[in-house]
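Hi,

Here is the structure I said I'd pass on.

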Amino acid sequence: MNWEQYKIPAAVVFLAILPAVFFQEGATYISRIFTIFIMFATLALALDVAFGQTDQLLLFTGGIVGIGTYTTVDLAASLGVSLWATILIGGLFAGVVGAVVCYVAARRQLNVIVISILTISLQLAMVQTFNALRDITGGNTGMEVPALTAEAITSTMGWEPLTFLYYLFLLLLTALMVVHHYLTNSKYGLAFDMIRQDEVSAASTGVAVVRYKAFAGFVATFFMGLVGPLYVQIGGYATPGMFQFATIDVLVLIILVVGGMRTIYGPIVGAALIVYVNEALQAAQEFRTMVFGAMLIVLFLYFRNGIVRYARDLAVDRFDLGDRLPG
Amino acid sequence: MAVGARLLIGLLIDGISSGLILAMLGLGITLVFGLGGVLNLAIGVFSLLGILITIEVTGIVSNVLVAAVVAFLAAGVVGLVVDRSLLSLVYKSEGEERTLIGIFATLGLSFFLEGVLILRYPDVYSVPAEIELLRVAGILIRGSSLVSIAITVVIFALLYLFFERTYVGQATRTVMQDEIGATLCGIDTRQLRTLVFVLSAMVAAIAGMLYSFTGEVGVASAFQLTINAVIVSVVGGVTSIAGTVVAGLALGIITTYASAFVGAYFAAIALFAVAIVVLLVRPGQISS
């Protein structure tokens, strides 16, 4: 039996039944946690396309999510239409920003370290810009965001707003999983592998390195941009502080590394674990930064291959399940 | 003299003072990166430690100067512990991978220490030194800016003498230029890295104390200080000591004028914009 082709459907079915099992009417606390979980899984898988596949360590996830959000919300407000009409434009604009950054970085042959410093500078500049542009973002105090609803669906299914939002995220995550799967199992995946292993020899065998890196950057930031308008639905408002490095990027990085890079399940497993730890620490909120800091150290020093790869290696070693297990 | 000119001169002095402080922080990044390829993203925490320890010790001995010296030494001890434990693990890997692990290990350290510190210090703090405004030829000057300039100039002079005149200082510069050559000459690079990291932690502690003269500093400011330090170091050429000092001065003056005339947000944006342009125009210096 070929597990490979059931990998994504299995994950989608599993994620789709979670609300039926865990969500309770009126208990927005639980549905909020699950929504945050699936959001971070999506962001981590999006980052994997850039970082995992092509070694471009983009540290401006928060800023890109913000760009997607503000483009979608402000465009909808100025045109007087609903967010549905502008959400794709927001995603595309975020994707273009990401593609331009990756294109320039690849043209200038910046290595992974320079890209990380460049994008963290951009991240901080973006949040400061959000703070400064009061007319567009509401400045420090933020702004309310109109709801993203579909009355027809929610009323037939009897969903609460957060349940609907969860399924919207699942739709986005499914699309991303399909794109991720297609990319890694096509000529793109081959090119990404070559670029990651040796950029110079990839270029010398005719791989258009700059184009592939820019494309990977576009896909990653396009999906991050689409996450934005959904992310701000959770609270119904948007403040520049919600797009900070410490709020978004640190968690996304930990999730991607703890779950495992270059896997489809990695971000889901990682997000589940980290969001759980985050909630477990809710009672001891003041220890949160401390614990995540320690995790970042330990993970990068000892555990850079992630849970999914670790489990797979273990299964392959002990039970010889190599060709039967999904990647 | 016109009022405008007086204001500009007053701001210039503030700018030089903040520029020299930035240069001290940037130098900490530059030296550690130049010697071992580790970008120390926890440097802002050492600045914060400098301020907090000074405040705590002032409470005991009621003399700010003594407290500052204690804090200076204590920052060095913390630096030594970090170098011997965390950085020893980081130095096990090589080349680009070491830099990457270094980024995350020190970023994690920064978050970890911030998390520990915020338990006890949730507020914003500054070193309890009361220095008055001066009026020289009708120009209002912050006394604290003059004090910072004096202290930083002395420290830079000492660092200059260290790097130019002492064997250890010259050995450090040799390693930054050619590590293999230096090793062949019998220089113990690991010991030098320890020494320079401890030195950078102590300099960062002083920079923190001086920084808190002009604005109160909380745990959340630590990361901001780190980023400023990285930007100064990057703009100055990452492994060039002189370049870092010039970059610190230039950025300090630019951001002081920018925040006086167009607002604090735009001053920060200007700082990042300079860093981004320099990274794109001259990326070669970090990748080597």
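Before the notes, one definition: two residues are in contact if their C-beta atoms, placed from the backbone, lie within 7 Å. Keep in mind that this is a predicted model. With that cut-off, 76% of the contacts in chain B between residues at least 6 apart in sequence join residues at least 24 apart.

On the overall build, chain B has 12 helices and 4 strands. Its radius of gyration is 19 Å, close to the 19 Å that the globule rule gives for 288 residues, so chain B is as compact as a globular protein of that length. The C-alpha trace of chain B spans about 60 × 45 × 35 Å along its principal axes, and 48% of the 288 residues count as buried.

Now the interface. On chain B, 37 residues are in contact with 30 residues of chain A. Elements giving two or more residues to that side of chain B are α3 (64–90), α4 (95–120), α9 (221–236), α11 (264–281) and α12 (284–287). The largest share, 18 residues, comes from α4(B). By class, this side of chain B has 30 nonpolar, 5 polar and 2 charged residues.

I also looked at one helix pair inside chain B. The axes of α2(B) (residues 43–61) and α9(B) come within 7 Å and cross at roughly 125°, which makes α2(B) oblique to α9(B). Their crossing is right-handed. Among the residues that meet there are B:Val45 and B:Leu48 from α2(B), and B:Phe223 and B:Leu225 from α9(B). This contact has 7 nonpolar, 4 polar and no charged residues.

Cheers

Conventions. Residues are numbered from 1 along each chain as its sequence is written. Chains are lettered from A and ligands numbered from 1 in the order in which they are written. This is a predicted model: local features need pLDDT of at least 70, side-chain atom pairs count only at pLDDT 80 or more; totals for chains, interfaces and linings use all residues. The radius of gyration is taken over C-alpha atoms; the globule rule is 2.2 Å times the number of residues to the power 0.38. A residue is buried if 20 or more other C-beta atoms lie within 10 Å of its own, exposed if 12 or fewer, and partly exposed in between; C-beta atoms are placed from the backbone. Ala, Val, Leu, Ile, Met, Phe, Trp, Tyr, Cys and Pro count as nonpolar, Asp, Glu, Lys and Arg as charged, and the others, Gly among them, as polar. Axes are lines fitted to C-alpha atoms, for helices over the stretch in contact, and angles run from 0 to 180 degrees between N-to-C directions. Angles under 35 degrees count as roughly parallel, over 145 as roughly antiparallel, 65 to 115 as roughly perpendicular and the rest as oblique. A crossing is left-handed if the near helix is turned anticlockwise from the far one by less than a right angle, and right-handed if clockwise.
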